[in-house]
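Here is a friendly walk through one protein model. Have the viewer open and follow along as we go.

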Amino acid sequence: MFDKILIANRGEIACRVMESARAMGVRTVAVYSDADAAAKHVALADEAVHIGGPAPADSYLRGAEIIRVAKATGAQAIHPGYGFLSENPDFVEAVEAAGLTFIGPSADAIRKMGLKDAAKVLMEEAGVPVVPGYHGANQDAGFLQEEAGKIGYPVLIKAVAGGGGKGMRLVENPAEFADALNSAQGEATTAFGNPDVLIEKYIQQPRHIEVQVFGDGTHAVHLFERDCSLQRRHQKVIEEAPAPGMTAEMRQAMGRAGVRAAEAIGYRGAGTVEFIVDGSDGLRTDGFWFMEMNTRLQVEHPVTELITGVDLVEWQLRVASGERLPARQEDLTISGHAFEARLYAEDVPKGFLPATGTLTHLSFPAEARADSGVRAGDAISPWYDPMIAKVIVHGSTRKVALSRLARALEETQVGGTVTNLAFLGALAAHEGFAQGDVDTGLIARDLEALVAAPKTELRHKAAAGMVALGLVEAVQETGFTLWAPLHRAITLSHLEEEFTADVQVDGPDRQLWTVNGETVLAERSQGHWRIEGRRMPVTSQAGPLITVFDAYGLEFAVVDPLDRDAAAGGDSNVVEAPMPGLVKAVFAKAGQPVAEGDRLAILEAMKMEHSLLAARDGVVAEVLADAGDQVEAGAALVRLEEEGG
């Protein structure tokens, strides 16, 4: 076994690897960028070394520097986590050339699975079922359209070097093919530097079921399946294991296919074989097809750990250090059911726009496993994925586990940034999901209901008012006198609503709050406030922002009349950066007429591209940023001429 390893990653996965390494008595070395100097993974490691600037290209993608640090600190192996360099075969070869061990598969295995088209040919040869389609080298537009006709519409155009939904287009009829192909190739070139695509049959009611495999370079086992069908724009949201509706026959067939795939490339370590499954008529052994193989540890690996009792990171370290497979297939069994929900800093009402902010408060229920790379007081950086945590639960049955997930999400508290917590809660309560009736289109079909804002009650507004006026710890010094009640008022906003909360303080333990003509009583007994007879929720405050931790976290802002008046007179013609980021492209030119909804610029932030659109019809007066500029949140990018000017 290794004495010391370096983790070439950051955030929750770096922390996760460190936890298992520490439990095994293995010392850890962290690397960090300028943006992560005070990060949680730096604090957890036995040693930490600075490797560069905040951009991944200047730090976590600097393979040569990471190898240098590993050798300088005496680390014997490098764990890549996921993302960054985890599936870079050149990095694997450089690690091994330096006399170090890469905790993962060989460069050859990564290359064989790196391009979707070549991987599918390899899988066909290994007897793994693949989706009908064209995966060849001919990229002529006319030829590809002919192949699409042979496959039969609808078809899916996919970038061969793709991931995260980029370079992917659904085409439902021949008339749409040429434009969709051009769009997919352009996006693939921007994202991956490779315009090549493949064409596949589109499965009408698809489910995304993946098999966790583990190999030692010669033999492999599977640790059953995970269902990752609950997706939004090809991004996983909630994962579970085992898959609902799975039969013993189907599990055996999929597991066997996953093992064949791993053994065909001499796979070593943890990997995931992803299948697309036709869910239109139950799960059938002739209704699943290979999609791709992720040659690394998956984000959703904890659900497999909870149903099998296996620590996959421990297995990674053991096999990388020279051990054979830690278990035989017949030793592995399923116990109960597990769910994982991905908690992100993102503004759901604004189209799931990634958010930043400093976490003023962060708390998870003790009954849930929370894998997180941040703590209260940490900042959500614009440079990286805005994940706050993975909330993971286990139960004896799917129904019990889902109930525990719903409860865990209700009790999770995040202050200082907007999150997708209410969206996750709505999914956990979704009737179809509860029945196991899931496919990759579920979220899109019910999106309007799933993103509806939680209902704000009078007691929530009163709680926010109490915090804003400093009346939670109300004593005589707050203004209450024995001979007269105290009247005070505060103006607050929540979402688009602005309201005034008026309070009559009748004593240190009694307050009468009135909002929009409705009145509610707040009383303190045995050290606890109750509003409308219900215990006051936990709250946190950061400057003018107050979070009431009920209904997944309700955020209120104290309204300063001066700020409000200034905002009312502001320039509504300016297109601003919604967050810090890199201006990837600018399409606007001075004097150019634009229509509402026209794309004026693209901002790259948090590993995603965001189109900035014209809010109204008009004429571009001035372009204030160039492609390649790094801008702060609120920076003016494009200004339109005054209306009527």
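## Cavities

Which strand gives the largest share of the lining of the largest cavity? That is strand 13 (residues 268–278), which supplies 3 residues of the lining. Please keep in mind throughout that this is a predicted model.

A search of the whole structure turns up 2 cavities of 30 Å³ or more. The largest cavity has a volume of about 50 Å³. Its lining is made up of 15 residues, and I103, G104, P105, R296 and Q316 are the ones that lie nearest the centre.

Now to the side chains. In soluble globular proteins, nonpolar side chains tend to be buried together. In this model the largest nonpolar core has 36 residues, and I238, I388, L405 and L427 touch the most other members. Two or more residues each come from strand 12 (235–241), strand 15 (337–344), strand 22 (387–395), helix 12 (398–411), helix 13 (421–428) and helix 15 (442–445). Helix 12 gives the most to this core, with 6 residues.

What does L405 touch, if residues up to four places away in sequence are not counted? Its contacts are I238, F339, A341, V391, V393 and A428. Another core, of 33 residues, lies apart from the largest one, and its members include F2, I5, A320 and M387.

Strands of a sheet pair through backbone hydrogen bonds, either parallel or antiparallel.

For strand 6, the pairing with strand 9 (residues 197–201) is antiparallel and runs over 2 bridges. Within these strands, Y134 stands opposite I199 of strand 9.

## Pairings around strand 38

Further along the chain, look for strand 38 (residues 618–623). Strand 38 pairs with strand 35 (residues 593–594) in the antiparallel sense over 2 bridges, and P593 stands opposite V619 of strand 38.

Strand 38 also pairs with strand 40 (residues 636–640), again in the antiparallel sense, over 3 bridges. Here V623 stands opposite V638 in strand 40.

Methods
Residues numbered from 1 in each chain as written. Predicted model: local features only at pLDDT ≥ 70, side-chain atom pairs only at ≥ 80, totals over all residues. Heavy atoms only, no water. Pairing = 2+ DSSP bridges. Helix = DSSP H or I, 4+ residues; strand = E, 2+ residues; numbered from the N terminus. Core = buried A, V, L, I, M, F, W, Y, C linked by side-chain atoms within 4.5 Å. Buried < 20%, exposed > 50% of the residue type's maximum accessible area, 1.4 Å probe, protein only. Contact = heavy atoms within 4.5 Å. 1 Å grid on protein atoms, 1.4 Å probe; cavity = no way out; pocket = protein on both sides within 12 Å on 5 of 7 lines; lining within 4 Å. Points joined across faces, edges and corners; volume = space filled by probe spheres on them.
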